[in-house]
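Reader: I have a model open and want to learn how to read its features. Where do we begin?

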Amino acid sequence: METERFEALIDAILAIILTIIVLEIPMASNGSWEALFEVRLDFIIYALSFLVVFNFWNYNNNIFSIVNKVNNKVIWYMGLSLFILSLLPYLTMFVAENFDSFIAHAAYGLDFIVCGVISVFIANELKNSDKANIALQVALKSNKPLYYTLTIMVIGFIIGYFVYPPAITLFCLISIPSLWYFSKRQIT
């Protein structure tokens, strides 16, 4: 299967997810700085969720720019990943309204981890579905960058459980540039 329509579907779903997240940000009660400050956690977690969705889009856009074809397993894994990511609007508000709750941050972080694990399956299946594509084989030669970022998220879970629950969300944020850093180091 060619990838253009598949990529368009991914883009559309991500646009809907971002729209829902934006619509969930509560309005300030009035036009004062104090009212804006009251919804600061909503804005902070929205910004993080935006980065998550943008990172997901950017990573997949870069990978799919060198993919020539996909098989049914790639499609189903990506569909599962998009389903898990579509829980982000709910989890964003869950964290914003329960910022000191371990369960809220754990659910948010679990969304990250599950998407990361599915990404490993997607990468392996992309390599299998397009074996003649040398650029893709080189780009996805190792899953180590994904494993490193999953390790960072697990560390966040440990700190979040024992010390400070928002550490989970913070470590999820740290995992985003880490994936790019480790991927770059792998290529060079």
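**Pockets, cavities and packing**

Author: We start with a pocket. The model is predicted. Its second largest pocket holds about 160 Å³ of space.

Reader: Which residues line the second largest pocket?
Author: The lining is made of Ile-44, Ile-45, Leu-48, Phe-99, His-105, Tyr-164, Pro-166, Ala-167, Thr-169, Leu-170 and Leu-173.

Reader: Which helix supplies the largest share of that lining?
Author: Helix H9 does, with five residues. H3 and H9 each give at least two residues to this pocket.

Reader: How does the lining of the second largest pocket divide by class?
Author: Nine residues are nonpolar, two are polar and none is charged.

Reader: Which residues lie nearest the centre of the largest cavity?
Author: Asn-55, Cys-115, Gly-116, Ser-119 and Leu-179 do, out of 17 lining residues. The elements that give two or more residues to this lining are H3 (40–64), H6 (102–129), H8 (144–162) and H9 (166–187).

Reader: What classes make up the lining of the largest cavity?
Author: Ten residues are nonpolar, six are polar and one is charged.

Reader: How much space lies in the second largest cavity?
Author: About 70 Å³. Its lining consists of Phe-56, Tyr-59, Asn-60, Ile-63, Met-78, Ser-81, Ser-119, Ile-122, Ala-123, Leu-126 and Leu-140. At least two residues come from each of H3, H4 (72–85) and H6. By class, eight are nonpolar, three are polar and none is charged.

Reader: Next, helix packing. What numbers describe two packed helices?
Author: The angle between their axes and the distance between the axes. Take H1 (residues 4–24) and H4: their axes come within 11 Å and cross at roughly 5 degrees.

Reader: Are H1 and H4 roughly parallel or roughly antiparallel?
Author: Angles under 35 degrees count as roughly parallel. H1 and H4 are therefore roughly parallel to each other.

Reader: Which residues make the contact between H1 and H4?
Author: From H1 come Phe-6, Ile-10, Ile-13, Leu-14 and Ile-17. From H4 come Val-74, Ile-75, Met-78, Leu-82 and Leu-85. By class, this contact has ten nonpolar residues, no polar and no charged ones.

Reader: Let me zoom in on one residue. Where is Tyr-46 placed?
Author: In helix H3. Leaving out residues up to four places away in sequence, Tyr-46 touches Ile-21, Val-22, Ile-25 and Thr-92.

Reader: How far apart are Tyr-46 and Thr-92 in sequence and in space?
Author: They are 46 residues apart in sequence. In space the C-alpha to C-alpha distance is 6.6 Å.

Reader: Now the whole chain. How many helices and strands does it have?
Author: Nine helices and zero strands. The pattern along the sequence is α-α-α-α-α-α-α-α-α.

Reader: How compact is the protein chain for its length?
Author: Compare its radius of gyration with the globule rule. The radius is 18 Å, close to the 16 Å that the rule gives for 188 residues, so the chain is as compact as a globular protein of that length.

Reader: What box do the C-alpha atoms fill?
Author: A box of roughly 60 × 35 × 25 Å, taken along the principal axes.

Conventions:
Residues numbered from 1 in each chain as written. Predicted model: local features only at pLDDT ≥ 70, side-chain atom pairs only at ≥ 80, totals over all residues. Heavy atoms only, no water. 1 Å grid on protein atoms, 1.4 Å probe; cavity = no way out; pocket = protein on both sides within 12 Å on 5 of 7 lines; lining within 4 Å. Helix = DSSP H or I, 4+ residues; strand = E, 2+ residues; numbered from the N terminus. Nonpolar A, V, L, I, M, F, W, Y, C, P; charged D, E, K, R; others polar. Points joined across faces, edges and corners; volume = space filled by probe spheres on them. Axes fitted to C-alpha atoms, helices over the stretch in contact; angles between N-to-C directions. Parallel < 35°, antiparallel > 145°, perpendicular 65-115°, else oblique. Contact = heavy atoms within 4.5 Å. Rg over C-alpha atoms; globule rule 2.2 N^0.38 Å.
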